[in-house]
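Have the viewer open while you go through them.

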Amino acid sequence: MKHTVRFEPVGIEIEVDEEQTVLRAAAEQGVMLMHGCKEGQCASCKSFVLDGDDIELDRYSTFALPDYEREEGFTLLCRAHVYEDVTIELINFDEDMIRSGLPIQQAVAEVVANDPVTHDMRRLVLKLIEPTELKFFPGQYVDIAVPGTDATRSFSMANTSSRESGHLEFVIKIYPGGLFSGLLDTRLAIGDRLDLTGPFGVFTLREGENDLVFLGGGAGMAPILSLLRSMAERGLGRRATFYYGARRRHDLCFEDELRGLEETLPGFRYVPALSEPTAGDGWDGEVGLITDVVKRHETDLKRSHAYVCGPPPMVEAAMPMLAGLGVPEKHIYYDKFTTTGESEGTS
């Protein structure tokens with residue numbers, strides 16, 4: 001059976017099948033709700049139920065939705081199944097973006113490149129077979145089905161479009177025992193085919209003249225690189241700084257392209273930092289945690305938009321740091337890798 005879900009204060013209604021989550025149904029109908037992990041762990045899609053109580057939740061983390069909040073009427077849209085008509089108040093939303101969503105698609109793609117970019121990260125390029133184009137906004141991600149299992153893993157595109165090339169590009173960290181990254185590291189070969197679903201995600205560039213601050217670590221490079229490439233393609237002149245944190249020099253990647261973007265984008269600076277450099281690195285750049293480096297370079301970010309993507313400890317440290325420097329909470333956009341049993345997540 002299908003039921004009507006009305007979202008306030010934006011006044012949008014969708015139909016939701018009982019077997020679907022509210023978030024999935026919205027995505028299929030091109031309604032772009034705030035979300036992150038889609039697994040009930042990050043709280044990005046937390047909302048409040050105004051009317052209707054016949055709602056069941058799939059398994060979720062009580063860190064994202066504590067019991068007392070659920071009793072008060074809060075819910076997680078990525079876990080919620082409705083069994084009657086309901087009205088939901090959105091807590092985190094962008095009214096301009098919510099109506100600009102792209103309906104999700106199913107696709108089959110073929111591996112055309114699987115190349116190391118560091119000692120533990122790969123550049124995976126897939127050529128779309130059916131359909132031959134998948135529309136997405138720079139910064140979004142897709143779910144890739146892990147062959148031979150019922151599991152999927154989420155990875156952000158590093159390119160800006162598949163329109164002309166038919167390709168999707170990813171930067172993926174290899175984790176020991178990782179369900180997908182282990183396959184990528186040892187068995188995934190040129191010509192192998194993968195099933196994809198997407199696009200998902202709201203880590204997309206908001207329009208305006210505000211300065212931009214990007215913070216990344218690890219495979220958080222992918223969506224930020226997509227945003228920067230998009231800025232270059234569009235000739236945007238906004239002031240932007242990309243702070244990227246790594247442990248050692250051999251953990252840095254796309255250095256030549258990022259330095260090239262400093263020439264292409266007159267308002268852009270790339271600031272890499274190493275937290276654990278050694279004498280053998282020959283490093284004369286920034287040293288320390290990337291959040292500390294930002295604090296050394298920035299003093300007033302009240303008029304800035306900030307984009308953060310990387311491992312949870314980095315994101316969790318960056319949020320209060322950016323707020324302390326004046327970035328309004330509603331203008332801090334983030335993708336936080338979520339942990340699974342195989343230590344993989346969105347990237």
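1. Some ground rules, starting with pairing: two strands pair if DSSP finds at least two bridges between them. Helices (H or I, at least four residues) and strands (E, at least two) are DSSP runs, numbered from the N terminus. The model is predicted, so local features need pLDDT of at least 70 and side-chain atom pairs count only at pLDDT 80 or more, while totals for chains, interfaces and linings use all residues. Residues are numbered from 1 along each chain as its sequence is written, and side-chain values use heavy atoms, with hydrogens and water left out.

2. In β11 (residues 152–156), 4 of the 5 residues are buried (under 20% relative accessible area, with exposed over 50% and partly exposed in between; 1.4 Å probe, protein chains only).

3. Next, an open sheet: 5 strands in the order β2-β1-β7-β3-β5, with mixed pairing. β2 (12–17) and β5 (74–76) are the edges with a single partner strand each, so one side of each has no neighbour in the sheet. β1 (residues 2–8) runs antiparallel to β2, joined by 6 bridges; H3 has V16 in β2 as its bridge partner.

4. Finally, α7 (residues 290–297): its buried residues are I290, T291, V293 and V294. What covers them includes β14 (211–217), β15 (240–246) and α8 (312–324).

Key: Contact means heavy atoms within 4.5 Å.
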